[in-house]
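Please look over the sequence and the structure before reading on.

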Amino acid sequence: MDVNGIKDFDIEEVLECGQCFRFEKIGHKKYIIIAFNKELVIEQNSGTITFFDTTEEDFEKIWVPYFDLNRDYGEIKAILSSKDPILKEAVEFAGGIRILSQDPSETLISFIISQNNRIPMIKKVIKNISEKYGSKLNSHYSFPTMTQLQNAALGGLMECKTGFRAKYILDAANKNLDFEGLKKLSTVDLKHKLMEISGVGPKVSDCTMLFSFNRYEVFPTDVWIKRVMQYFYFDNKETSIKDIDEFAKQKFGNLTGFAQQYLFHFARIKKIGV
DNA sequence: TCCCAGGTAGATC
DNA sequence: GATCTACATGGG
């Protein structure tokens, strides 16, 4: 089905900005995305977005929330741009970014894998564990459920190149987390709950909350964000994550999550501070 | 060969 | 509390 009239959306920026890992480019602004046990082929031609082989029901129930299509990003971009010229530049650099609303268990495991790792390698490891422990869809495999991961052996996960993170994946799976219940927690309580998992610290929990729990008030600070924040706001001086976090919350208010993603993408592509 | 990557746990002070 | 280091793996 074709969808028209969606502003502030660029499929390439949405997928390539580092928030998700299960997609393949198959043409110009054309991708296969694996999410929520679906293989979605999606293509964007200027103002028209085509969702191949998609029912009206799947579009409304899965893809509208997934791509955050009901939110007015024009307003978010305007507010952030008015706050300071650096955000204005980052927003103009990739104005088609949207914060996805992904599956919480997949996002949690994915960002456990992301620690001390590179994005191409993260994608490869996630593909490996999906093919080994997930379920066959059409031409791809679903991301394994926590139950499927509970049946994984440490050695099997290591074979997927998870490295030292294998034991963290098993700990997360064996916590038997009730994700529907977690959605009801406050952001502070949710963060503490996620950090009870071995291998989940402030960064992984913030990413999980931003990209799957719709908690837009967090500010995940990784090496790129640390570099770009130091470069633009701290005179390129070494600054603690705590100070960066406080500064971001004070400057960007309740839009820190959006600001973070514009800045992260901008910093990574422009290689700011390296 | 050495250094680093969308960090964190454990040790040490 | 804040700081230091090991950790699997692969690419520059």
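This is a predicted model: local features need pLDDT of at least 70, side-chain atom pairs count only at pLDDT 80 or more; totals for chains, interfaces and linings use all residues.

Residues are numbered from 1 along each chain as its sequence is written, while chains are lettered from A and ligands numbered from 1 in the order in which they are written.

**Overall fold**

- Chain A contains 15 helices and five strands; helices (H or I, at least four residues) and strands (E, at least two) are DSSP runs numbered from the N terminus.
- The C-alpha trace of chain A spans about 50 × 45 × 35 Å along its principal axes.
- Of the 274 residues in chain A, 38% count as buried. A residue is buried if 20 or more other C-beta atoms lie within 10 Å of its own, exposed if 12 or fewer, and partly exposed in between, with C-beta atoms placed from the backbone.
- Contacts in chain A between residues at least 6 apart in sequence join residues at least 24 apart in 63% of cases; two residues are in contact if their C-beta atoms, placed from the backbone, lie within 7 Å.
- Domain 1 covers 2-70, domain 2 covers 104-212 and domain 3 covers 223-270, with bounds that come from an automatic or database domain assignment.
- Between the C-alpha centres of domain 2 and domain 3 there are 25 Å.

- In soluble globular proteins, nonpolar side chains tend to be buried together.
- The largest nonpolar core has 69 residues, of which I112, I169, A259, Y262 and L263 touch the most other members. Helix α15 gives the largest share of this core, seven residues.
- Such a core is a set of buried Ala, Val, Leu, Ile, Met, Phe, Trp, Tyr and Cys residues joined through C-beta atoms within 7 Å.
- L263 lies in helix α15 and counts as buried because it has 26 C-beta neighbours inside 10 Å.
- Not counting residues up to four places away in sequence, L263 touches A90, I225 and V228.
- With the same exclusion of residues up to four places away, Y262 touches L87, A90, V91, A94 and I97.

**Surfaces near DNA**

- A residue is near a strand if its C-beta atom, placed from the backbone, lies within 6 Å of it.
- There are 22 residues around DNA strand B, and G18, Q115, R118, G201 and K203 come nearest.
- Helices α12 (202-212), α13 (223-233) and α15 (256-270) each supply at least two residues of the surface near DNA strand B.
- The surface near DNA strand B has nine nonpolar, ten polar and three charged residues. Here Ala, Val, Leu, Ile, Met, Phe, Trp, Tyr, Cys and Pro count as nonpolar, Asp, Glu, Lys and Arg as charged, and the others, Gly among them, as polar.
- Around DNA strand C are N116, N117, M121, M158, K161, G163, F164 and S240; by class, this surface has three nonpolar, four polar and one charged residues.
- M158 belongs to helix α8 (residues 154-159) and is partly exposed, with 14 C-beta neighbours inside 10 Å.

**Loop residues**

- Most residues other than glycine have a negative phi.
- D8, in the loop between β1 (2-4) and α1 (11-16), has a positive phi near 55°. It is partly exposed, with 17 other C-beta atoms within 10 Å.
- N236, in the loop between α13 and α14 (241-252), has a positive phi near 60°. This residue is exposed, since it has 11 C-beta neighbours inside 10 Å.
- A94 sits in the loop between α4 (85-93) and α5 (104-114) and is partly exposed, with 19 other C-beta atoms within 10 Å.
- Leaving aside neighbours within four places in sequence, A94 is in contact with E13, C17, Y262, H265 and F266.
- A94 and E12 are 82 residues apart along the chain, and their C-alpha atoms are separated by 9.7 Å.
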